[in-house]
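Below is a short briefing on one protein structure.

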Amino acid sequence: MIYFIIVTLIIVGDKFLKEYFRSSLRGKHRKEHFTKSGEGINTVDAMQDGWRRKLSPRIEFLENKGGASGIFSSHPKILKGISGAMLCFCAFVLGKERQKGRVSIAGIGYALLLGGGLSNFIDRMKKGSVTDYIRFPEFPVKKISNLVFNMSDFAIFAGIFCLLFRKK
């Protein structure tokens, strides 16, 4: 049951945030695909230099037609196929974890992956793109500072983290 709750909360929460940012930022800071611009709404203008400033998010609206960092943006059918196959695999493995009758870190990891992946997949199937809205422009790693994320992406990262550091 906990796995179902995790998946549902991610999908519902991310859907709410995507709708909120689509309606409140439409036309203001809209970017297409992958952005390198510094525009956006800084959520922590008052913070000083240091690690807090480097990790402070900026709200930035982006419709990403590809996967992470715009990969496969010119091949949407391939991206949908790969995403669908990965979601089926996660659902299958999560079902196996559920049959064990106990909650495990692996099960939580697969639930996070499934919830985040399904939320982005639903967006991609309905609109042809995924809405992203959080950027870390001062992050020390340049590649990450150029990316825009959403709640589902963070769930996917957390799921991968759980799977990498679970007890085997």
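Over residues 102–122 the chain is 86% helix and 0% strand, with the end C-alpha atoms 29 Å apart. This is a predicted model, in which local features need pLDDT of at least 70, side-chain atom pairs count only at pLDDT 80 or more, and totals for chains, interfaces and linings use all residues. Residues are numbered from 1 along each chain as its sequence is written, and side-chain values use heavy atoms, leaving out hydrogens and water.

**Annotated segments**
- An unreviewed UniProt entry annotates residues 102–122 and 147–165 as "transmembrane region"; such annotations may be inferred rather than shown by experiment, and their positions are given in the numbering used here, with feature names shortened.
- Residues 147–165 are 74% helix and 11% strand, and their end C-alpha atoms lie 25 Å apart.
- Helices (H or I, at least four residues) and strands (E, at least two) are DSSP runs, numbered from the N terminus.

**Gly116**
- Gly116 sits in helix H4 (residues 105–127).
- Its relative accessible area is 0%, so Gly116 is buried (under 20% relative accessible area; exposed is over 50%, partly exposed in between; 1.4 Å probe, protein chains only).
- Not counting residues up to four places away in sequence, Gly116 touches Ile10, Ser152, Ala155 and Ile156 (contact means heavy atoms within 4.5 Å).
- Leu9 is 107 residues from Gly116 in sequence, yet the two C-alpha atoms are 9.9 Å apart.

**Strand S3**
- Because 7 of the 7 residues of S3 (residues 58–64) are buried, the strand is largely enclosed by the rest of the structure.
- In a regular strand the side chains alternate between the two faces of the sheet.
- In S3, Arg58, Glu60, Leu62 and Asn64 are buried on one side, and Ile59, Phe61 and Glu63 are buried on the other.
- S3 pairs with strand S4 (residues 130–135) in the antiparallel sense over 5 bridges (pairing requires at least two DSSP bridges); Arg58 has Arg135 as its bridge partner.

**Salt bridges**
- The structure holds 9 salt bridges (a side-chain nitrogen of Lys or Arg within 4 Å of a carboxyl oxygen of Asp or Glu).
- Arg22 and Glu63 form a salt bridge, with their closest N and O atoms 3.8 Å apart. Arg22 lies in helix H1 (residues 2–25) and Glu63 in S3, so this pair ties together parts 41 residues apart in sequence.
- Asp123 and Arg22 meet at 2.7 Å, N to O. Asp123 is in H4 and Arg22 in H1, so this pair ties together parts 101 residues apart in sequence. Both residues are buried.
- Lys127 and Glu63 meet at 2.5 Å, N to O; Lys127 is partly exposed, at 34% relative accessible area.
- A network of salt bridges links Asp14, Lys15, Lys18, Glu19, Arg22, Glu63, Asp123 and Lys127.
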